[in-house]
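Please walk me through this protein chain.

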Amino acid sequence: MQPGPIYFLTPRKCSIFGVCCESVPHQVSNLHLHADNCSGQNKNRFMMQYLMWRTLTGLNHEITISFLLVGHTKFSPDWCFGLFKQLFRRTKVGSIHDIAEVVQRSATVNHPQLIGEYDGTVHVQTYNWSSFFASVMLQTALKGISQMHHFRFAASHPGVVFVKNSDEIPPPGLTLERQWYLYHKIREFCPDDKGCGLSNAVDTTSIDP
């Protein structure tokens, strides 16, 4: 099926931002956030300034934000967006209210919240945080932010950001006893002549327990 003439046009765009709360359905004083490494939306100095501002103004006692490691960036919001996309592809949509209805119908875990209406009605107030922070905060760049994965802000340490990287934890591997078990008990059932690779899985110089 051909996409039609609208393929070459640019219709109205709608941005969708998702937040998934896995623990409690209400506001808490200590926040633990997880986000992907998108520098345009999440991992930038404006986000860090906003989280610090929340602790400085008493909105939260402590905030921790962790960014997912490369290759491990699938988490709950992706699942919720996936449910939405499945229904969105099968539904004719012509307005932001249609999109909100698709979000509501896509799954019980999805709940839409419109920012505003076509007539200018505002449901969720938005602010120019970058301009605001430029006037009230010291504009010191956090060097190496793209390589850091964990950030913590605390009201007990005003103006301080705690950072650390994620250390890779190598898998422990199989014990020698487990290796010999696979070699003796499982290898004969493997469909190929290489024994599912088990012939190379055991250190033959080791003593069979």
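Phe 75 touches His 34, Ala 35, Asp 36 and Leu 68, leaving out residues up to four places away in sequence. Contact here means heavy atoms within 4.5 Å. Phe 75 sits in the loop between strand S2 and helix H2 (76-88). Helices (H or I, at least four residues) and strands (E, at least two) are DSSP runs, numbered from the N terminus. Phe 75 and His 34 are 41 residues apart in sequence, yet their C-alpha atoms are 8.8 Å apart in space. Phe 75 has 23% relative accessibility, so it counts as partly exposed. Buried means under 20% relative accessible area, exposed over 50%, and partly exposed in between (1.4 Å probe, protein chains only).

The model is predicted: local features need pLDDT of at least 70, side-chain atom pairs count only at pLDDT 80 or more, and totals for chains, interfaces and linings use all residues. Residues are numbered from 1 along each chain as its sequence is written, and side-chain values use heavy atoms, with hydrogens and water left out.

**The chain as a whole**

The chain holds five helices and four strands. From the N terminus on, the elements run β-α-β-α-α-α-β-β-α. Of the 209 residues in the chain, 24% are buried. Take the contacts between residues at least 6 apart in sequence: 55% of them join residues at least 24 apart.

Glu 22 lies in the segment before S1. Its C-alpha atom is separated by 8.1 Å from that of Ser 76, which is 54 residues away along the chain. Is Glu 22 buried or exposed? Glu 22 is exposed, at a relative accessible area of 63%.

**The sheet**

Four strands form an open sheet in the order S1-S2-S3-S4, with mixed pairing. S1 and strand S4 (161-164) stand at the edges with a single partner strand each, so one side of each has no neighbour in the sheet. On average, neighbouring strands are turned by 15° against each other, direction ignored. Two strands pair if DSSP finds at least two bridges between them. Strands of a sheet pair through backbone hydrogen bonds, either parallel or antiparallel. The table lists the pairs.

| Strand pair | Bridges | Direction |
|---|---|---|
| S1 and S2 | six bridges | parallel |
| S2 and S3 | five bridges | antiparallel |
| S3 and S4 | four bridges | antiparallel |

Individual residues show the pairing. Ile 65 has Phe 151 in S3 as its bridge partner. Arg 152 is bridged to Phe 162 in S4, and His 150 stands opposite Lys 164 in S4. S3 and S4 form a hairpin with six residues between the strands, where Gly 159 takes a positive phi near 80°.

**The helix on the sheet and the core**

S1, H1 and S2 make a right-handed β-α-β unit. Right-handed means that, with the strands pointing away from the viewer, the path from the first strand over the helix to the second runs clockwise.

Which residues have the most contacts inside the largest nonpolar core? They are Met 48, Leu 51, Ile 65, Phe 67, Phe 151 and Phe 153, in a core of 16 residues. A nonpolar core is a set of buried Ala, Val, Leu, Ile, Met, Phe, Trp, Tyr and Cys residues joined through side-chain atoms within 4.5 Å. Two or more residues each come from strand S1 (30-35), helix H1 (45-56), strand S2 (62-67) and strand S3 (150-154). H1 gives the largest share, five residues. Beyond its neighbours within four places in sequence, Leu 51 is in contact with Leu 33, Ile 63, Ile 65 and Phe 153.

H2 and helix H3 (residues 96-106) pack at an angle of about 120°, and their axes are 9 Å apart. Axes are lines fitted to C-alpha atoms, for helices over the stretch in contact, and angles run from 0 to 180 degrees between N-to-C directions. H2 contributes Leu 83, Phe 84, Leu 87 and Phe 88 to the contact, and H3 contributes Ile 99, Val 102, Val 103, Arg 105 and Ser 106.
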